[in-house]
Amino acid sequence: MALLEVISIEKSFGQTRVLDGISFTLDKGRALAIIGSSGSGKTTLLRCLNFLEKPDRGRILVNDELLFDAEDALTQRESDIRRKRLNFGLVFQAFNLFPQYTVLKNVTLAGELLLRERGKKQADAADGKQIQDEARALLAQMGLTGKEGAYPHQLSGGQQQRVAIARALALKPKILCFDEPTSALDPELTGEVLRVVRSLAEKKMTMIIVTHEMAFARDVADEVIFMDEGMIVEQGPPQSVISNPREERTRQFLARFSSEA
Ligand SMILES: Nc1ncnc2c1ncn2[C@@H]1O[C@H](COP(=O)(O)OP(=O)(O)OP(=O)(O)O)[C@@H](O)[C@H]1O
Ligand SMILES: [Mg+2]
């Protein structure tokens, strides 16, 4: 059974159809790379999965639970959306850390708020400690031991992005989504972030990675989707989509990266 099922998602902004019938499934423990030129709808797709945009048509299921159905208003209740959103973690291109909080606080904040929201008026000490311990372990996994007390402005871009990944993981999402996690970084800093994403793939974290790093997608992804003009043009293992594409449009897109892939 697929962990994630995306069925016939459509989304328009005004007269422009940005997603035009996107369907795919993703099994647990798999890494899906989404590639495609600027404006093809990659970010919009991730935003739809994370309930930051509302699709005009289509359905989204996780673990067979219908999270969203454009035809069914009952699936769109604001009160449920926060819970449903927790299925997904999202790491953006720009790291969006809270500048006024330490690294540790950036990672623990959402979990602490969630505890409080769930009726625990005073998140008891044991819960608080568990959140802190888990955050420290995640930061260690990201290679950030010793940075817990630093503020975002004291970190490099690569370090900040690794904090953002720890923060996304802290809420234990079933599916972690990356939107071009390295495109705001200097080239010498992309490697450290890609290494972290690779290690998550090795640990069988289920992931959707929008990226322009073709060599990385080819090495790390189990599956690749090439999008163009809001549609999936080609989908399959990286050995076929990236190394041996069938569609002319995929070939043209990849030709721009030919020195790399
Ligand atoms: N909120 C919005 N309002 C109007 N148009 C939008 C909005 N968000 C995205 N678009 C348009 O939708 C199209 C797809 O944008 P999207 O950001 O999803 O593309 P992308 O594949 O992520 O591109 P890039 O590789 O440049 O990040 C673009 O034409 C964009 O201008
Ligand atoms: Mg984008």
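A salt bridge here is a side-chain nitrogen of Lys or Arg within 4 Å of a carboxyl oxygen of Asp or Glu. I'm keeping that cut-off in mind, and also that this is a predicted model.

**Entry: the count.** I searched the whole structure and got 14 salt bridges.

**Entry: R57 and E10.** I picked this pair out and found a salt bridge, with the closest N and O atoms 3.4 Å apart. R57 sits in strand 4 (residues 57-62) and E10 in strand 1 (residues 4-13), so the pair ties together parts 47 residues apart in sequence. I checked burial too: E10 is buried at 17% relative accessible area, while R57 is partly exposed at 47%.

**Entry: two other pairs.** D80 bridges to R77, and I noted 3.1 Å between the closest N and O atoms. D80 is buried at 18% relative accessibility; R77 comes out partly exposed at 43%. Then I looked at E112, whose salt bridge with K105 has its closest N and O atoms 2.9 Å apart. E112 is buried at 12%, and K105 is partly exposed at 29%.

**Entry: E180.** Which side chain of opposite charge is nearest to E180? I found K42, 4.4 Å away. E180 is buried yet has no salt bridge, because the bridge cut-off is 4 Å. I located E180 in the loop between strand 7 (175-179) and helix 6 (187-202). Skipping neighbours within four places in sequence, I listed its contacts: K42, Q93, V210, T211 and H212.

Key
Residues numbered from 1 in each chain as written. Chains lettered and ligands numbered in written order. Predicted model: local features only at pLDDT ≥ 70, side-chain atom pairs only at ≥ 80, totals over all residues. Heavy atoms only, no water. Helix = DSSP H or I, 4+ residues; strand = E, 2+ residues; numbered from the N terminus. Buried < 20%, exposed > 50% of the residue type's maximum accessible area, 1.4 Å probe, protein only. Lys, Arg positive; Asp, Glu negative; His and termini not counted. Contact = heavy atoms within 4.5 Å.
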